Amino acid sequence: MLRRVATTAFKPASRAMSVAPQASDRWVDVTFVNAHSGERWPVTGLEGQTLLDLARANNIGLRGGTTRASHVCVSKEFEGVVPTTNDMIDEIDEYIPSSQINTGSRLADQVVLTKDMRGMNVAVPLPEGPAEFP
């Protein structure tokens, strides 16, 4: 009897695997693509961050502040994932030349990153003139 107690007394306790969220669970990989040259900039953002904030943090060239300066185009496979609102559509229709609008047109300052956007490609137009001229 003593022998049985001794072997069970020193048995290591089993631990359940930790399911605490990791910081990497919030990472969202996005690739910005120059709409004219095809140059690509893969970057990593966080859920809850806007596309505009992510672009600015990585010196991508989006200025924001106006509709024209926030216009981007998301890749076709992510059009259903990146929501639009009636207000966004109205702004795009009013301020963006029709030749630059497509079904993936979005405003970077209104697109909030989610896990579903991992791997998304975003076409960025060339900036038009100096920053003081939106």
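## Surface and make-up

The protein exposes about 8,900 Å², and carbon and sulfur atoms supply 54% of that area. Accessible areas here come from the Shrake-Rupley method with a 1.4 Å probe, and for residues only the protein chains shown count as cover. This is a predicted model, where local features need pLDDT of at least 70 and side-chain atom pairs count only at pLDDT 80 or more, while totals for chains, interfaces and linings use all residues. Residues are numbered from 1 along each chain as its sequence is written, and side-chain values use heavy atoms, with hydrogens and water left out.

Buried residues make up 30% of the 134 residues in the protein. Buried means under 20% relative accessible area, exposed means over 50%, and partly exposed is in between (1.4 Å probe, protein chains only).

## Fold at a glance

You'll find 4 helices and 5 strands in the protein, and from the N terminus on they run α-β-β-α-α-β-α-β-β. Both kinds of element are DSSP runs numbered from the N terminus: helices are H or I with at least four residues, strands are E with at least two.

Now for contacts, which means heavy atoms within 4.5 Å. Among contacts between residues at least 6 apart in sequence, 65% join residues at least 24 apart.

## T50 and V111

T50 sits in the loop between β2 (40-46) and α2 (51-57). T50 counts as buried because its relative accessible area is 14%. Leave aside neighbours within four places in sequence, and T50 is in contact with A108, D109, V111 and V112. There's also L113, 63 residues from T50 along the chain, with the two C-alpha atoms separated by 5.9 Å.

V111 belongs to the loop between β4 (105-107) and β5 (120-124), and V111 is buried, at 2% relative accessibility. Apart from neighbours within four places in sequence, V111 is in contact with Q49, T50, L51, V82, R106 and M117.

S70 is part of helix α3 (residues 67-70), and at 0% relative accessibility S70 counts as buried. Not counting residues up to four places away in sequence, S70 touches L52, G64, G65, R106, L107, A108 and D109.

L62 is in the loop between α2 and α3. Why does L62 count as buried? Because its relative accessibility is 8%. Setting aside residues up to four places away in sequence, L62 touches L52, A55, R56, A69, H71, V72, A108 and V124. The C-alpha atoms of L62 and P125 are separated by 8.4 Å, and these residues are 63 apart along the chain.

## N59, the positive phi

N59 lies in the loop between α2 and α3. Although N59 is not a glycine, it has a positive phi of about 55°. Most residues other than glycine have a negative phi. As for solvent, N59 is exposed, with a relative accessible area of 71%.

## The charged patch

Which residues form a negative surface patch? They are D87, D90, D93 and E94. Patches are made of residues with over 30% relative accessible area and no salt bridge, with like charges joined within 9 Å and nonpolar side chains (Val, Leu, Ile, Met, Phe, Trp, Tyr) within 5 Å. A salt bridge is a side-chain nitrogen of Lys or Arg within 4 Å of a carboxyl oxygen of Asp or Glu. Asp and Glu count as negative and Lys and Arg as positive, while His and the chain ends are not counted. The place of a charge is taken as NZ of Lys, CZ of Arg, CG of Asp or CD of Glu.

One of the patch residues, E94, is in helix α4 (residues 86-95). At 58% relative accessibility, E94 is exposed.
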